[in-house]
Amino acid sequence: MAIVKLKDIAQTRSGDKGNTVNVGVFAPNQAIYQVFLTELTAERIKEHFTGLVEGEVIRYELPNILALNFVCTEALNGGGSTTLRLDNLGKCFGANMLRLEIEIDDQLLKVKKRGE
């Protein structure tokens, strides 16, 4: 087993609506998506965003596109027009998510690197 940052095996997309941020995490293949289902829980994401997300984190599974979408409430200190945060639109949450480390089987990493 290896410990890797999501940036090495995934892509993300994030945005906001008011004081809520959503972060989509996209797996490169079905096998890695299965790992994401185990490793990327709502609780784990809430912990990863400690100090940023004050509300709940809800996880939505999108198996048809090998993605998970995390909706994070109370995440922008009031929202785009009221927050004093530099990232007032939640765009940096995706990049921040890519720093999260997960445990993954070494064989899955080899397949990812070959592009299979």
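Me: Which residue in β5 stands opposite Val23?

Reply: Phe70 does. Before we go on, this is a predicted model: local features need pLDDT of at least 70, side-chain atom pairs count only at pLDDT 80 or more, and totals for chains, interfaces and linings use all residues. Residues are numbered from 1 along each chain as its sequence is written, and side-chain values use heavy atoms, with hydrogens and water left out.

Me: What lies between the strands in the two hairpins?

Reply: β4 and β5 have four residues between them, and Leu66 in that turn has a positive phi of about 55°. β2 and β3 have two residues between them, and Gly18 takes a positive phi near 65°.

Me: What is the order of the strands in the open sheet?

Reply: The order is β2-β3-β5-β4, with antiparallel pairing. β2 (11–17) and β4 (57–62) each have a single partner strand, so they stand at the edges, and one side of each is left without a neighbour in the sheet. Neighbouring strands are turned by 15° against each other on average, direction ignored. (Axes are lines fitted to C-alpha atoms, for helices over the stretch in contact, and angles run from 0 to 180 degrees between N-to-C directions.) Helix α1 packs on this sheet, touching β3, β4 and β5, and its direction makes about 160° with that of β4. Here, contact means heavy atoms within 4.5 Å.

Me: How do you know what counts as a helix or a strand?

Reply: Both are DSSP runs, numbered from the N terminus: helices are H or I with at least four residues, and strands are E with at least two. The chain has four helices and six strands, in the pattern β-β-β-α-α-β-β-α-β-α.

Me: Why is Cys72 called buried?

Reply: Buried means under 20% relative accessible area, exposed over 50%, and partly exposed in between (1.4 Å probe, protein chains only). Cys72 has 0%, so it is buried.

Me: Is Cys92 buried or partly exposed, and what about Asn96?

Reply: Cys92 has 48%, so it is partly exposed. Asn96 has 17%, so it counts as buried. Asn96 is found in helix α3 and touches His48, Phe49 and Leu52, not counting residues up to four places away in sequence.

Me: Why is Thr41 called partly exposed?

Reply: Its relative accessible area is 26%, so it falls into the partly exposed class. Thr41 lies in the loop between α1 and α2, and it touches Arg59 and Phe70, not counting residues up to four places away in sequence.

Me: What makes β5 mostly covered?

Reply: Six of its six residues are buried. Ala67, Asn69 and Val71 lie on one side, and Leu68, Phe70 and Cys72 on the other. In a regular strand the side chains alternate between the two faces of the sheet.

Me: How do you know how many disulfides there are?

Reply: A disulfide is a pair of cysteine sulfur atoms within 2.5 Å. A search of the whole structure finds zero.

Me: What makes a set of residues a nonpolar core?

Reply: The members are buried Ala, Val, Leu, Ile, Met, Phe, Trp, Tyr and Cys residues joined through side-chain atoms within 4.5 Å. The largest nonpolar core here has 32 residues, of which Leu6, Ile9, Phe36, Leu40 and Met97 touch the most other members. Helix α1 gives the most to this core, with four residues. In soluble globular proteins, nonpolar side chains tend to be buried together.

How values were computed: Pairing = 2+ DSSP bridges.
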